[in-house]
Amino acid sequence: MSAPLLASLLSDLATDFREPQFFWQVGTVLCCFALAWVISRFLKSTVAGSREHASSGVVQLGVGSFSRVLTPALTLLFLLIGKAILGQWQHTNLIRLLFPVIGSLALIRFGFYVVRKTFARDGSLGKFLALFEKLFAGLVWVGVVLHFSGLWPDLLEAMDDLVIPVGKNKISLLTIFQASISVAITLIVALWASAALETRLMMLPTVHTSLKVVLSRVGRALLILVAILMSLTIVGIDLTVLSVFGGALGVGLGFGLQKIASSYVSGFIILLDRSMSIGDMITVDKFSGKVTQINTRYTVVLGPDGSESVIPNEMLVSTPVQNYSLTNSKVAMSTDLTVSYQTDLDTLLALLASAAAKVARVAQDPAPSASLIKFGADGFEIRVGFWISDPENGRVGVLSEVNLAIWQVIKEHNIDLPFPQRVVTLLKNEPSEAAKLS
């Protein structure tokens, strides 16, 4: 076994330390760190300032959240340049020693950045992601230790010699490790790219929301497919085996996955024909509420009571859907009351319409109206009709406000609200004629 790399580097570093040119290496390293820190801070402040003054349609580069990766990455780049320049006149063992350390730090921070942008886009970091980050950082530092100790080539050779039988074939542990790493990396990069694509699409002001969702879903599917094909090619798996998988998938769709496949296709139909968008108020079957998510398999509807209903997309395509926000978000509402026949209707109808118009959420165009709809058994039956333009905020609250305004009018003008009255006549039990004759 060759001498450990770390011991060799330290020996060369000790030799360089005795020479006056060693301070040129120290100065170069300090300049590289300072220059990387200044440039990353400048880029972060520049992007933050441009975001404040930019219009909503401009897509900004996320350097602000990338700054933790940018600092070690720039440091590594400047160290490489400094080594190339300084290496023409003297040794650069100090810079060679810092390469793996700074590179591993950049790799760890880049991994954290990708994972958080992909799986923790709402800002909350779950326990699993926190554990994954610790595990990833530990693996990177273990790799650095193996590199410095000189055990890395020996470990790879031992993994290559360890063969695991899989059916009639034999696969080395090194191949399995490389396959797992390649698949994980390509999938994470594909998911990260799809998340970035979705973020940029959602910021486009001139594109319809449904089209944005369609493009983001199709982009994610294509990126994942390309990532899987690339990972299989890197490992050395023949892509013709996918034909067997395609046949099995077709059989599965024919026997038991029709509903799932139908929901996926229906999801794209809903998004493409724009019959429904995020934020619309809909009623389908017994579910009613605001559309908060339109996914490829299901749609989430937030009810007035705060409950979320997960509705398969197939149901939204095959059954009638009442959309209150498709072309016009205004919704008509009404409330009824009965007044006595002695009431001055001309005055009362004007007062009721005026009272409804004073409620904040009631639309002024068309204006509220009060109408006589029936001559009832107990009095005039009156209906007060009005429109609201924000049904997503609920209808019970505005109906209560209108009823309270009508009640104030009734109290102020002493309007009589009759209630049903019934007269019961008791018949005296007279003796029958037969009883009299007897």
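This is a predicted model: local features need pLDDT of at least 70, side-chain atom pairs count only at pLDDT 80 or more; totals for chains, interfaces and linings use all residues.

Q: Where does Phe-386 lie, and is Phe-386 buried or exposed?
A: Buried means under 20% relative accessible area, exposed over 50%, and partly exposed in between, with a 1.4 Å probe and protein chains only. Phe-386 is buried, at a relative accessible area of 1%, and its place is in strand S10; helices (H or I, at least four residues) and strands (E, at least two) are DSSP runs numbered from the N terminus. The C-alpha atoms of Phe-386 and Met-333 are separated by 5.5 Å, although these residues are 53 apart along the chain.

Q: Which strands are joined to S10, and by how many bridges?
A: Two strands pair if DSSP finds at least two bridges between them. S8 and S10 run antiparallel and are joined by 9 bridges, with Ile-388 of S10 as the bridge partner of Val-331. S9 and S10 are also antiparallel, with 6 bridges, and they form a hairpin with 4 residues between them; in this pairing Phe-375 stands opposite Phe-380 of S10.

Q: Which residues have the most contacts inside the largest nonpolar core?
A: In soluble globular proteins, nonpolar side chains tend to be buried together. A nonpolar core is a set of buried Ala, Val, Leu, Ile, Met, Phe, Trp, Tyr and Cys residues joined through side-chain atoms within 4.5 Å. Here the largest has 27 residues, and Leu-337, Val-339, Leu-352 and Ile-382 have the most contacts inside it. Two or more residues each come from strand S8 (331-339), helix H12 (345-357), strand S10 (380-388) and helix H13 (396-412). A second, separate core has 13 residues, including Phe-22, Val-29, Leu-94 and Phe-99.

Q: How many salt bridges does a search of the whole structure find?
A: A salt bridge is a side-chain nitrogen of Lys or Arg within 4 Å of a carboxyl oxygen of Asp or Glu, and the search finds 2. In one, Asp-336 and Arg-383 have their closest N and O atoms 2.9 Å apart; this pair links distant parts of the chain, from strand S8 to strand S10, 47 residues apart. Asp-336 is partly exposed at 47%, and Arg-383 is partly exposed at 36%. In the other, the closest N and O atoms of Asp-390 and Arg-361 are 3.1 Å apart. Asp-390 counts as buried at 14% relative accessibility, whereas Arg-361 is partly exposed at 21%.

Q: What is the mean pLDDT of the protein chain?
A: pLDDT is the predictor's confidence in each residue, from 0 to 100. The mean for the protein chain is 76, and 76% of its residues reach 70 or more. Over residues 53-64 the pLDDT is below 50, and this stretch has 19 contacts in the model beyond near neighbours in sequence.

Key: Residues are numbered from 1 along each chain as its sequence is written. Side-chain values use heavy atoms; hydrogens and water are left out. Contact means heavy atoms within 4.5 Å.
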